[in-house]
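Dear colleague,

Please find below the structure that I am handing over to you. My notes on what was found in it follow directly after.

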Amino acid sequence: MSTSRPRPLVVHVTGARPNFPKAAPVIEGLGAHDVDQLLVHTGQHYDDRMSTVFFTELGLPRPDVDLGVGSGPHGAQTAAAMVGLEQVLTQRRPDLVVVYGDVNSTVAAALVATKLHVPVAHVEAGLRSFDRRMPEEINRMVTDRISDLLLVTCQDAADNLAAEGVDAAAVHLVGNPMIDTLLRHRHRLDPARVADAIGLDASSYVAATLHRPGNVDEEAYARTVVASLHAVADQCPVVLPLHPRSRPKLAAAGLTDHPAVRAVDPLGYLDFLSLVQGSAVVVTDSGGVQEETTVLGVPCLTLRPNTERPVTITHGTNTLTTHDELPAAVAGTLAAGRPAPGSTPVPPLWDGQAGPRIAAVLARSLELA
């Protein structure tokens with residue numbers, strides 16, 4: 001008497017806002033294959049506006065497991081995620097663990113799975129800023145070193161892995177699943193509605209988002225950021241959705257003392273992208289926003305000395321700038337105006353089909369295709 005082979009189990013681990021639009025197309029793509037799936041949310045981002053709203057807006061299934069690790073120092077947060085993930089993976093014994101991006105939950109899941117001899121697939125592998133002062137850079141490097149499947153969004157990420165000696169057979173150029181999500185929901189963006197909802201009556205504005213430690217953690221950094229944003233606000237109103245960890249530091253540095261600076265609570269996925277879509281220029285230190293503005297054709301000024309996403313400069317609308325250079329950079333961008341729709345380059349394979357391509361790679365690894 002023959003017995004049927006059990007369906008393999010794939011566990012997806014998300015932890016923070018940037019993970020959700022990356023995971024949604026992969027989960028959907030794997031739905032076309034003969035697998036069971038389990039979604040684990042570590043709760044690294046636990047505010048509704050930073051996580052829960054994504055499940056509603058993006059059609060993601062509600063997490064099967066929510067570990068509720070919350071915020072805290074990097075070591076404590078990573079350790080709490082590891083403890084919870086070890087229990088889940090030991091109980092469920094998955095055939096594959098899929099991790100996303102570069103947050104603390106990503107490296108926590110990769111470490112736990114590897115020590116339990118469960119294969120790991122890293123979506124968005126190979127990105128490098130070459131700046132080890134960034135916690136995310138350490139997370140990226142460690143996760144890539146111990147992952148079995150490295151799913152890259154662009155050729156320069158594949159080149160980084162090759163330079164590090166990674167076996168080319170483990171590297172798969174699949175495109176950017178976060179862009180799948182953006183393209184799927186682009187028709188739902190409504191800049192006018194969001195501007196009205198936040199009481200913005202300006203016809204032209206700068207959207208800003210800043211949260212990295214190098215910009216906000218120390219008082220001196222925060223004051224420098226505030227001074228540069230005030231100089232921008234002298235030219236054009238600035239709207240700044242504030243990450244919970246950034247708000248008290250920037251507020252203490254006098255962010256809202258300028259009448260043309262508008263600080264608002266974190267926005268949901270669709271509202272934030274609507275704000276970006278309607279802006280004259282975006283000022284950011286976020287990797288994901290560099291990618292989103294590239295596809296939306298919105299000029300982006302990244303307030304960092306480096307980026308792990310150089311493709312958004314060579315094939316997009318992104319420019320690196322400094323605090324001192326920012327006011328002049330904004331002035332030049334405002335004078336030039338928004339580029340014509342479709343006139344700016346977009347990286348290859350950022351076409352809305354990364355999710356199915358990733359699912360096909362994962363299915364082959366599980367010997368389903």
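A residue is called buried when its relative accessible area is under 20%, exposed when that area is over 50%, and partly exposed in between (1.4 Å probe, protein chains only). Helices (H or I, at least four residues) and strands (E, at least two) are DSSP runs, numbered from the N terminus.

This is a predicted model, in which local features need pLDDT of at least 70 and side-chain atom pairs count only at pLDDT 80 or more, while totals for chains, interfaces and linings use all residues. Residues are numbered from 1 along each chain as its sequence is written, and side-chain values use heavy atoms, with hydrogens and water left out.

Overall form

The chain contains 16 helices and 13 strands. Its radius of gyration, taken over C-alpha atoms, is 20 Å, close to the 21 Å that the globule rule gives for 369 residues, so the chain is as compact as a globular protein of that length. The globule rule used here is 2.2 Å times the number of residues to the power 0.38. Along the principal axes, the C-alpha atoms fill a box of roughly 80 × 40 × 40 Å.

Of the 369 residues, 56% count as buried. The accessible surface of the chain (Shrake-Rupley method, 1.4 Å probe) comes to about 15,100 Å², and 54% of it belongs to carbon and sulfur atoms. Taking a contact as heavy atoms within 4.5 Å, 69% of the contacts between residues at least 6 apart in sequence join residues at least 24 apart.

Helix H1 is mostly covered, with ten of its eleven residues buried. Among them are Phe-20, Val-26, Ile-27 and Leu-30, and also Lys-22. Glu-28, by contrast, is partly exposed at a relative accessible area of 46%.

Helix H12 is mostly covered as well, with eight of its ten residues buried. These include Tyr-269, Phe-272, Leu-273 and Val-276. Asp-271 counts as partly exposed, at 23% relative accessibility.

Charges and salt bridges

With Lys and Arg counted as positive and Asp and Glu as negative, and His and the chain ends not counted, the chain has 29 positive and 40 negative side chains. The centres of the two sets lie 2 Å apart, each charge being placed at NZ of Lys, CZ of Arg, CG of Asp or CD of Glu.

A search of the whole structure finds 18 salt bridges, each defined as a side-chain nitrogen of Lys or Arg within 4 Å of a carboxyl oxygen of Asp or Glu.

- Asp-36 and Arg-7 meet in a salt bridge at 2.9 Å, N to O. The pair links distant parts of the chain, with Asp-36 in strand S2 and Arg-7 in the segment before strand S1, 29 residues apart. Asp-36 is partly exposed at 34%, as is Arg-7 at 40%.
- Glu-28 pairs with Arg-184, the closest N and O atoms being 2.7 Å apart. This bridge connects helix H1 with helix H7 across 156 residues of sequence. Arg-184 is partly exposed, with a relative accessible area of 49%.
- Arg-193 and Asp-271 form a salt bridge at 2.5 Å, N to O. Arg-193 lies in helix H8 and Asp-271 in helix H12, 78 residues apart. Arg-193 counts as partly exposed at 39% relative accessibility.

Finally, salt bridges that share partners join Lys-22, Asp-102, Glu-124, Glu-137, Arg-140, Glu-291, Arg-304, Glu-308 and Arg-309 into one network. Lys-22 is also one of the buried residues of H1.

Kind regards
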